[in-house]
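Work through the exercises below with the sequence and the model at hand. Try each task before reading its solution.

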Amino acid sequence: MDILILNGPNLNLLGVREPGIYGNRDFEGFLDELRKRYSQHKLHYFQSNHEGDIIDRLQEYGFGMASGIVLNAGAYTHTSLAIADCISAISTPVVEVHISNVHSREAVRHHSMISGVCQGVIAGFGLDSYRLAIEALAVGAC
């Protein structure tokens, strides 16, 4: 399988940003571990702080270039109708992931604009949320 892991705003700061919430590991090191663990799959990675770039990448991979997409849209999860519309338009299944349990955080984070158009949601398992999403895509649960 070709799987796109797509991270939104501020996720480039993992390892230094609020380690009490997001941990102290950077994503690039974790991505290396994922690629070793899932060597039978091709894992593509993209991170952007810009909504349009995220939409462009969803459109690029969302019509068959990838078998699945793991999306942590960051704060855009709670605000972006444009990303939700894009997910609705593409044919590739998308799994929404969050490192923290968004439902145990501020009320503004309790609502996701994208959950309803994603195949599933995984939240609160730290970086392991990404592994769980890859597993779901790999076994065809999505």
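**Exercise 1.** Find the element in which Ser129 lies, and decide whether Ser129 is buried or exposed.

Solution. Step 1: in this predicted model, Ser129 belongs to helix α5, which covers residues 128-138. Step 2: the relative accessible area of Ser129 is 0%. Buried means under 20%, so Ser129 is buried. Step 3: look for what surrounds the residue. With neighbours within four places in sequence left aside, Ser129 is in contact with Val97, His98, Ile99, Ile122, Ala123 and Gly124.

**Exercise 2.** Place His44 in the fold and list what it touches.

Solution. Step 1: His44 sits in strand β2, residues 42-47. Step 2: the relative accessibility of His44 is 16%, so it counts as buried. Step 3: if residues up to four places away in sequence are not counted, His44 touches Asp2, Ile3, Leu4, Ile5, Arg35 and Tyr61. The side chains of His44 and Asp2 make a polar contact at 3.1 Å. Step 5: compare with Leu31. Leu31 is 13 residues from His44 along the chain, and the C-alpha atoms of the two are separated by 9.6 Å.

**Exercise 3.** Describe how helix α3 and helix α4 pack.

Solution. Step 1: recall what is needed. Two packed helices are described by the angle between their axes and the distance between the axes. Step 2: for α3 (residues 51-61) and α4 (residues 81-89), the angle is about 5° and the axes are 10 Å apart. Angles under 35 degrees count as roughly parallel, so α3 is roughly parallel to α4. Step 3: by class, the contact of these two helices has 7 nonpolar, 1 polar and 1 charged residues. Step 4: name the residues. From α3 come Glu51, Ile54, Ile55, Leu58 and Gln59, and they meet Ala82, Ile83, Cys86 and Ile87 of α4.

Methods: Residues are numbered from 1 along each chain as its sequence is written. This is a predicted model: local features need pLDDT of at least 70, side-chain atom pairs count only at pLDDT 80 or more; totals for chains, interfaces and linings use all residues. Side-chain values use heavy atoms; hydrogens and water are left out. Helices (H or I, at least four residues) and strands (E, at least two) are DSSP runs, numbered from the N terminus. Buried means under 20% relative accessible area, exposed over 50%, partly exposed in between (1.4 Å probe, protein chains only). Contact means heavy atoms within 4.5 Å. A polar contact is a pair of N or O atoms within 3.5 Å; within protein, one must be able to donate a hydrogen and the other to accept it, and residues adjacent in sequence count only if both atoms are side-chain atoms. Axes are lines fitted to C-alpha atoms, for helices over the stretch in contact, and angles run from 0 to 180 degrees between N-to-C directions. Angles under 35 degrees count as roughly parallel, over 145 as roughly antiparallel, 65 to 115 as roughly perpendicular and the rest as oblique. Ala, Val, Leu, Ile, Met, Phe, Trp, Tyr, Cys and Pro count as nonpolar, Asp, Glu, Lys and Arg as charged, and the others, Gly among them, as polar.
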